[in-house]
Amino acid sequence: MNNGCEIALNRTGWGACHYFIVGLCGVCTFVEAIASLVVFVVSRLIVCDLKLEKNDIIIFNATQSFGMAIGSFLFGSLADICGRKGIISFTMVLIFCSSIALSFAQTVFLINLFIFLLGLGLAGNYILLRVYLIECLPIKRRETCLAVIDIAWVLGYLSALGVSWSLVPSIIQMLYKKFRPSSWRVLTGIGGAPSLIIACAVSLLPETPRFLLYQQRQEEAITVLRQMYAINNSKHIETYPNVDLNTCIEQDEETDDTNSLFKMIYRYAVKTHERLHKLFRLPFRRITICSLALCFLQFPGFIWLALWDSHLLQELGKEIEENKRGNDFTCNINFLEIAESLLLSCQQINHQRFIFLLCISFSYLLGEILLIIGIQVIRKKWILILSSFIGGIAIFCIMFLVQYAMQIIFSIVFLASYAINNTIVNILIAENYPTGLRGTVMGFMRILPHLAATMIKFVSNISCVLSIIAAFIILISTAILVIPIPDLTGIPIQERSIIT
């Protein structure tokens with residue numbers, strides 16, 4: 001395959017069209033991040049409102065993670081058949097519908113069902129936005145814009161955390177200054193409502209030229225490229241230079257547009273099986289195995305990693321104080337305590353935890369900004385390796401620090417490293433697979449981390465030292481596993497599914 005697609009995209013220039021595409025995808029990511037935090041914030045409120053067992057808090061969060069494991073693969077594989085643009089709109093609508101339905105749910109079964117559906121939509125949207133962008137952007141802007149998208153996610157997460165902190169006290173004290181746990185319904189509705197507006201706005205996005213070529217719709221692909229060129233350069237579409245698109249994408253061998261539901265399901269199952277089979281054949285076998293391991297190591301996710309880190313620092317602070325007093329204190333991590341940490345009880349909000357979590361989460365923003373600066377001069381793989389070692393050493397050193405301020409600084413370094421690694425791993429994987437496999441592989445790679453996140457929530461107790469060692473191993477292993485994966489910085493992304 002030649003690099004005709006890269007040439008065609010580069011000739012569209014860079015201007016208003018690309019700013020609009022990146023901006024709208026950034027808004028989608030921002031809204032998705034807001035909805036992502038909903039379940040964690042409201043799970044404790046649901047338990048208080050319906051007088052459930054505390055363990056149900058963990059079940060609600062695990063249900064969302066399980067839904068994300070299924071949703072990432074389901075919508076990623078569907079995108080390779082139906083297109084990127086339409087599935088993005090569907091996932092946004094699904095996020096809206098499940099959030100609104102959750103705000104009206106009255107039984108535990110319905111609450112878990114809508115949380116599961118919310119997880120489906122969130123994971124699908126996360127995958128598809130990154131696949132969409134990497135297929136629309138020229139080489140020089142690819143890595144930077146995908147880092148910007150992750151900045152939008154972090155900003156959405158921080159905004160949701162801040163809004164939750166500001167709304168919860170005012171809502172729960174409306175009646176004689178007493179706690180009203182039904183406020184979780186208001187928070188859930190607020191978290192999901194923006195998704196419907198954005199779902200409508202997504203209709204303005206064009207389908208990616210690469211996917212149109214994959215589906216043998218060359219005329220439509222040329223039309224999209226011409227429109228991008230005309231908007232970027234304020235010129236007539238007829239002045240777009242001629243490009244050879246005949247051999248730049250390996251085309252889909254089957255483009256049957258059947259209306260039968262049974263045949264559509266059968267075709268989806270067959271095509272998905274074929275794609276999965278290709279992932280473990282040459283030339284992708286080694287990349288797939290390493291990518292699976294890399295993604296598995298990202299299983300904590302932004303939200304729960306920040307929660308773990310804030311809880312860890314709190315426990316280490318207690319240990320320092322108790323040791324000064326001559327008392328014995330064992331530092332432990334309890335995931336149920338983490339899940340309910342934003343409220344001290346059903347009558348009192350934990351303002352200190354909200355503030356500390358909000359402050360420590362700015363580390364992610366710092367990491368993404370450093371990535372955007374560094375990616376201009378250093379190749380992605382070397383940034384990831386350097387970041388992994390620095391972050392791993394930082395979290396390991398926390399065990400030996402006795403000053404609380406230094407523990408916080410080293411934790412910031414660790415979280416920033418995780419943010420850098422998360423962005424780079426997503427880019428490396430998407431670049432190394434052709435258009436016909438890109439959605440499927442991105443979704444497939446997220447199954448293990450979401451399943452691991454589901455199971456880890458049921459771990460009742462783990463020592464702080466063991467959890468720190470696990471975090472250290474995660475980052476160091478990331479630096480090692482990324483070595484065999486090709487770094488396509490400044491090179492056309494992969495568009496072959498067989499060895500030639």
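## Packing of H5 and H8

H5 and H8 are roughly antiparallel to each other, a term used for angles over 145 degrees, where under 35 counts as roughly parallel, 65 to 115 as roughly perpendicular and the rest as oblique. The model is predicted: local features need pLDDT of at least 70 and side-chain atom pairs pLDDT 80 or more, while totals for chains, interfaces and linings use all residues. Residues are numbered from 1 along each chain as its sequence is written, and side-chain values use heavy atoms, without hydrogens and water.

Two packed helices are described by the angle between their axes and the distance between the axes. For helix H5 (residues 84-104) and helix H8 (residues 183-192) the angle is about 170° and the axes are 8 Å apart. Axes are lines fitted to C-alpha atoms, for helices over the stretch in contact, and angles run from 0 to 180 degrees between N-to-C directions.

On the H5 side, Phe 96, Ser 99, Ile 100, Leu 102, Ser 103 and Phe 104 meet Trp 184, Arg 185, Thr 188, Gly 189 and Gly 192 of H8; contact means heavy atoms within 4.5 Å. By class, this contact of H5 with H8 has five nonpolar, five polar and one charged residues, with Gly counted as polar.

## The whole protein

The protein has 21 helices and four strands, taken as DSSP runs (helices H or I, at least four residues; strands E, at least two) and numbered from the N terminus. Its radius of gyration over C-alpha atoms is 23 Å, close to the 23 Å that the globule rule gives for 500 residues, so the protein is as compact as a globular protein of that length. That rule is 2.2 Å times the number of residues to the power 0.38.

| Property of the protein | Value |
|---|---|
| C-alpha span along principal axes | about 75 × 45 × 45 Å |
| Buried share of the 500 residues | 58% |
| Accessible surface | about 20600 Å², 66% from carbon and sulfur atoms |

Buried means under 20% relative accessible area, exposed over 50%, and partly exposed in between (1.4 Å probe, protein chains only). Accessible areas come from the Shrake-Rupley method.

## Two residues

Leu 155 is placed in helix H7 (residues 139-172). Leu 155 is partly exposed, at 36% relative accessible area, and touches Phe 30 and Leu 365, leaving aside residues up to four places away in sequence.

Thr 208 lies in the loop between helix H9 (194-201) and helix H10 (209-214). Thr 208 is buried, with a relative accessible area of 0%. With residues up to four places away in sequence again excluded, Thr 208 touches Arg 84, Tyr 132, Glu 135 and Cys 136.

How values were computed. Accessible areas come from the Shrake-Rupley method with a 1.4 Å probe; for residues, only the protein chains shown count as cover.
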